Each structure stands twice: as C-alpha cells, then as structure tokens.
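Please look through the model below with its helices and its nonpolar cores in mind.

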Amino acid sequence: MEPQPALPNPPSALSRRLSVVAAREHGVGPEQLRLIGIDADLFELFYREHVEAVQHFVVRRVGDRERAADLTTEIFLAAVDSAHNYRPRRGEPRSWLFGIARALVANEGRQRTRQRAGEARLRGSALLDEDDAARLDARIDAAARSRQLYQAMNRLPKSERTILELVALDELSLKEAAAASGMHPATARVRLHRARRKLRTELEAAATPQTSTKEKR
Amino acid sequence: MTQQQKPDDNFEERLLTRLKAEVAERGAEAARLEAEEASTAAPAWRRRAPRLAFAGGAAVAALATVIAINAGSGNGSKAFAVETQDGGGTTIKVNSPEDAPGLEAALAEAGIRSQITWLPAGMTCSEPRFEPSTVEAVMGGTVRGLTMAGPGTAMTIGVMTAEQYRELSAEYRRGEISGDEFHDATGNVTLDPTAFGPDQSVVISGAPGPSPDLDVIINGPTAPYVVDPEGGYEASFAIAEGPVGSCEPVKAPKGGSLEEMNRVIAEEAAERGIKPITPAPASAEAGG
C-alpha cells in the first residue's frame, strides 16, 4: 500500500498560471483550492478573499486580541496544511474554511490552559503592532454581543450548537453551514430549528429585567 | 495587481507575507517530490514510446527569466542555441521560428530525426499529415502532441537518455543544481533518442505570435492573429509514427493552435483532478 502523498503533484506551469488568472477573476473556487498550499499566488488571492471574514469569525468567539491574532494565523496555516485533501463535496471554499476555523476555535477552548507556544510554527500575535492592536480591539468590542450569544449557546448539544453558531453568528446560509459542519442540509435544518427554540427559552429564562427580549416599533 | 488602497503595513499584510513564504516553501517541496517521482517512474515506459518529459512547476520562473536572454546568444545560429550538458545530453533552445534546416541538423546530431517547418505568422500546416504517436510523459498521462507558446525560448528540447535525465533529477534532489538549472537542462520537452523506434520521428511546426498574454490564451484573441511584439512564437510538437507528409501551409484558425493547447491543458488538468478552465468564446463571433 502506498501512503497518501503529502503534497499534490504540481500542475504544469501553464495550468497553474491559468488557475491564478481564473482565481483572480472569479475568486478561488473549488478547482483551485487544492493548490493554495503550494502556490503562493493562489494563496494570496484566497487569503485576501477570506481574511476579514475569518477575523470576524474569531472575534465573535474570542475576546482577546493576542489569541484572536494567533487563531487567525492558525486557521490559515491549517487551511494551507489541508488544502490538498479538499474535495468539492465538502462545500464551497468558504464553508470549508469556516469548518476549519470552527474546529480550531473549539479546540482552542480546550487547549487554552495548556502550553501551546512550543508547537506554533508562526505566532500571529507576534506580528501585531500598536495600530493593529487598536484596530483589533475595536473589532473585538463590536463583537461583544455576538460573544455573549456564543457563551449562551454553551448548554446546547454540540450538533445543535454548531449549526446555530454558523447561521446566527456567522451569517452563513443554512446550506453553507451544513457543509461547514458536515451535516446533511435536512438534518441541519431540524437541528437549527431545535437550537433556536431552546436558546430562546434559555435566554428568556435568564433575561434580567432590564433586557427586554424584543423591541417593538 | 489587486492592491488595496492603503500602503499596507499592518497585521494582515505581515501575516500574508509570512504565510506566503510558508506556501512557497511547500511549493518547492512539491516540485522536489515531483522530480523524484519522475525519476523513479521513468523505467515503466522504457520500451515502446519515445520519452517525453514536461517541465512542471519551476518553469513559471524560467519563463520569466527567459525573456531577458531573448535574442539567442551562444553557439548554433541566432534562431537556436545548442548546449552540451556535462552528463552527455544536449539542450536545444529555440529562440525564434527560423532556420528549420539548421535545427533539424542539430537535432539529428543529437540523435533525433525530425521534420521542422516554420511558417509565416497566421499560417499552419494542414492536418492530418502524419499519424501521431501516443507518448507517455514522465509526469504521467499520455500525450499525442503539445503546443508551446511564449517569448524567447518557448521551446527548449532536452535530448538525453533516461539515465541522464534521472541523474540530473538526482542532482536536483541532492541540491547540487537548482530547479531552474534542472529545467534549463531538461527543457520543456525531454527526448530520449534510444527510445525512438525506427519509424518514429519528431514533427515540429510553428509560426511567430501569438501574444503569450494569458488573457488571450484564455479568452481567445481579439484580433484574428496577434503577433507577439516580444518575438514570441508558438510551436506544435508531436511524435509521428511512420512517414510524415510535407507541410501544406493553410491559414491558421483564429487563435492559432491555442485551442489545441487549451485542450491539452484541460486533459492534463483532468488527470490531476483540476477542473479545466473553459475558454470564453471569442467575443466577435456570432453565437450559434
């Protein structure tokens, strides 16, 4: 038995350049995604397309700027690592990336107390300067309410929580969210419905007098 | 260039720089593995088919550097340059589509029978005039023909035995020569004279232009035939089984043989699981 090759065969020079041109025009699609781990040009296009969404994703869950920078870095490193395993049935590139981001952020919660410094290839927080810090802090502040919601989801079963997170917090479509979490769309819809109902009851039960559950106009 | 407005020195840009370096490193590693695979896969197609290798990844860089050395210095005629490799192989760089008899002679000296036709811009040979041989490429897949286009040395033919090819790729693997040097020596086509059967020969035809602009390659030319101002040319390369009829020049279809090139790329891409890019129909053409 042959082991799975670690990296795909590079395509010919020309088909590679064609991929870059196509990606420039239409974004990095499923056809090009597998190459982002070995083609710096394609990677750049992919990164520029998604870096903002990834940062928002992170600050909706993490309230610490250093950790947010580290996580952003780790998410893209993980994308680079696993791009060659990408298959189009795993969803569009965005769903795929959010799936990675979700796994990492969830894992981060567990790992936080452990030492992680040793294994990091590249520490994003080391790249932050003062301006970045201020900018990230603003972003983190803006996402405060999302983080509250994220905390509130804690008591939901994992599968329900996953889908609600992606739809309510990250504004993915149900289809995208299903792809990102590896669920069948129909299953995802049922779970989303349940999760919303449970969360609503929970939030209503926990609501303090000053927070009205709904504003009417 | 997709450059944002800001003069960007911020976290996102710094992170991008670092990540790109990481990716570039992996790209180099992938190219190295590919060369390694190519060298170990070689014996599989030892017997019948002429050996044909395609330059992969690093050729992008090579193409860029080639422009600078365009107008062919060195030995041979101005139209092409012949370099003898240390290991005994020969590399022929075709600088411009001129001096067909000279190039035929150079190839013959290296042990390759060939029929070469250079035509005026916008012309091509009427097909078919020979039976194309199906050739297995070192990088995998079968090739019946191949079209190359670009400025300067769009076509570089390496003539060497499979052993020499393997030796070069081993040197590359051991880090004794760079990827550019490896591709420079092996060319974008590598032929093993000892693998040719008595009835097989190389057929090359080509003409000046078209512009190697990738937009043109993808979208088709906007003018009937665009001659590349940098002296680019396109050349079709094939291996023939049996006799080769003489070239009867006919007007090239719109876009020269770029369509053929796209087809070959699409096939190659399909083998690697990459969805081919469908060329957009040329704008001026009326829809069916």
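Predicted model: local features only at pLDDT ≥ 70, side-chain atom pairs only at ≥ 80, totals over all residues.

Residues are numbered from 1 along each chain as its sequence is written, and chains are lettered from A and ligands numbered from 1 in the order in which they are written.

The largest nonpolar core has 56 residues, and I36(A), L42(A) and V80(A) have the most contacts inside it. Such a core is a set of buried Ala, Val, Leu, Ile, Met, Phe, Trp, Tyr and Cys residues joined through C-beta atoms within 7 Å, where buried means that 20 or more other C-beta atoms, placed from the backbone, lie within 10 Å of the residue's own. Among the helices (DSSP runs of H or I, at least four residues, numbered from the N terminus) that each supply at least two residues of this core are α3 (40-59) and α4 (65-82) of chain A and α1 (11-41) of chain B. The largest share, nine residues, comes from α3(A). Apart from this core lies another, of 33 residues, including W118(B) and I239(B).

The helices α3(A) and α4(A) pack at an angle of about 140 degrees with their axes 10 Å apart; axes are lines fitted to C-alpha atoms over the stretch in contact, and angles run from 0 to 180 degrees between N-to-C directions. Residues of α3(A), including F43(A) and Y47(A), meet residues of α4(A), including I75(A) and V80(A), contact requiring C-beta atoms, placed from the backbone, within 7 Å.

How values were computed: Buried ≥ 20, exposed ≤ 12 C-beta atoms within 10 Å, placed from the backbone. Contact = placed C-beta atoms within 7 Å.
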